Amino acid sequence: MTSIHMPVNRSSDLEVGLPMQEPSPSYSNLIIGAAVFDLNGLPKEYFALNENRDAGWVQTIFQAIGLQSLVMSSLKLEGFHHAIVHETSHRSIVIRQRNRYTALLLDQTRLDAISEAFIAWANEFDPSCLKANQNFTAI
């Protein structure tokens, strides 16, 4: 089962009730995959841990980016910053960065909730650092 939360920059936030977590310097250790999309939502690069090269989750993210575009234009909303996709075995966050969308596949067993601090960290995350990380493989 998949659910998607897409907070918007309005007073009636669509994502309500996530517990706050303390900032953690080990956020990068939660990443088990990453995908980069251009601003049109087209996939560019995927990265996965060497022991888990399944990229099926990227299709869900591709659909979520398309859905957010449809919702944002239909409802005349502005200010999309991130979406959180909950799946049975993992959680993904899609961040709209300046020149791309970056999606991070997270180990749900090691993450209770996605905090504002994590979102701020993910907003600054550069997925190209995974190219040099020997634990990750470009797919």
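The following paragraphs lead through the structure shown above, from its overall order to single residues.

The model is a predicted one. The chain consists of 139 residues, and buried residues make up 43% of them. Two helices and seven strands are present. Read from the N terminus, these elements follow the order β-β-β-α-β-β-β-α-β. Contacts can also be viewed by the distance in sequence that they bridge. Among contacts between residues at least 6 apart in sequence, 64% join residues at least 24 apart.

In soluble globular proteins, nonpolar side chains tend to be buried together. The largest nonpolar core in this model has 33 residues. Phe37, Ile61, Ile93, Leu104, Leu106, Ile114 and Phe118 are the members that touch the most other members. Several elements each give two or more residues to this core: strands β2, β3 (43–49), β4 (82–86), β5 (90–96) and β6 (101–107), together with helices α1 (57–74) and α2.

When neighbours within four places in sequence are left aside, Leu104 is in contact with Ile31, Gly33, Ala34, Trp57, Arg91, Ser92, Ile93, Trp121, Ala122 and Phe125. Two of these partners, Trp121 and Phe125, return in the aromatic groups described next.

The structure holds four aromatic pairs. One of them is formed by Tyr27 and Trp121, whose rings lie 5.6 Å apart from centre to centre, with 55 degrees between the planes. This arrangement is classed as tilted. The pair links distant parts of the chain, for Tyr27 lies in the loop between β1 (3–5) and β2 (31–37), whereas Trp121 belongs to helix α2 (residues 116–124), 94 residues apart. Are the two partners buried or exposed? Tyr27 has a relative accessible area of 4% and is therefore buried. Trp121 has a relative accessibility of 26%, so this residue counts as partly exposed.

Trp121 also pairs with Phe125. The ring centres of Trp121 and Phe125 are 5.2 Å apart and their planes meet at 40 degrees, so this pair is tilted as well. Phe125 is buried, with a relative accessible area of 8%. Together, Tyr27, Phe118, Trp121 and Phe125 form one aromatic cluster.

Open space is the next topic. Rolling a probe the size of a water molecule over the atoms shows where empty space is left. The largest pocket holds about 150 Å³ of space. Its lining consists of Ser28, Asn29, Ile31, Ile32, Leu49, Arg110, Cys129, Leu130, Asn133, Asn135 and Phe136. Sorted by class, the lining has six nonpolar, four polar and one charged residues. Ile31 is both a lining residue of this pocket and a contact of Leu104.

Two histidines may be set side by side. His81 lies in the loop between α1 and β4, and a relative accessible area of 43% makes it partly exposed. The C-alpha atoms of His81 and Ile119 are separated by 9.3 Å, although the two residues are 38 residues apart along the chain. His90, by contrast, lies in strand β5. His90 is buried, because its relative accessible area is 12% and burial means a value under 20%. Leaving aside neighbours within four places in sequence, His90 is in contact with Trp57, Val85, Leu105, Leu106 and Gln108.

Two further residues complete the tour. Gln68 is found in helix α1 and counts as buried, at 4% relative accessibility. From C-alpha to C-alpha, Gln68 and Ala83 are 8.4 Å apart in space, while in sequence they are 15 residues apart. Lys131 lies in the loop between α2 and β7 (136–138). Why does Lys131 count as exposed? Its relative accessibility is 54%, and residues over 50% are classed as exposed. Once neighbours within four places are set aside, Lys131 is in contact with Glu45 and Phe47.

Key
Residues are numbered from 1 along each chain as its sequence is written. This is a predicted model: local features need pLDDT of at least 70, side-chain atom pairs count only at pLDDT 80 or more; totals for chains, interfaces and linings use all residues. Side-chain values use heavy atoms; hydrogens and water are left out. Rings of Phe, Tyr and Trp (its six-membered ring) pair if their centres lie within 6.5 Å; planes under 30 degrees apart count as stacked, over 60 as edge-to-face and the rest as tilted. Helices (H or I, at least four residues) and strands (E, at least two) are DSSP runs, numbered from the N terminus. Buried means under 20% relative accessible area, exposed over 50%, partly exposed in between (1.4 Å probe, protein chains only). A nonpolar core is a set of buried Ala, Val, Leu, Ile, Met, Phe, Trp, Tyr and Cys residues joined through side-chain atoms within 4.5 Å. Contact means heavy atoms within 4.5 Å. On a 1 Å grid over the protein atoms alone, a cavity is a set of points where a 1.4 Å probe fits but cannot get out, and a pocket is an open set with protein on both sides within 12 Å along at least five of seven lines; lining residues have an atom within 4 Å of a point. Grid points are joined across faces, edges and corners, and a volume is the space filled by probe spheres set on the points. Ala, Val, Leu, Ile, Met, Phe, Trp, Tyr, Cys and Pro count as nonpolar, Asp, Glu, Lys and Arg as charged, and the others, Gly among them, as polar.
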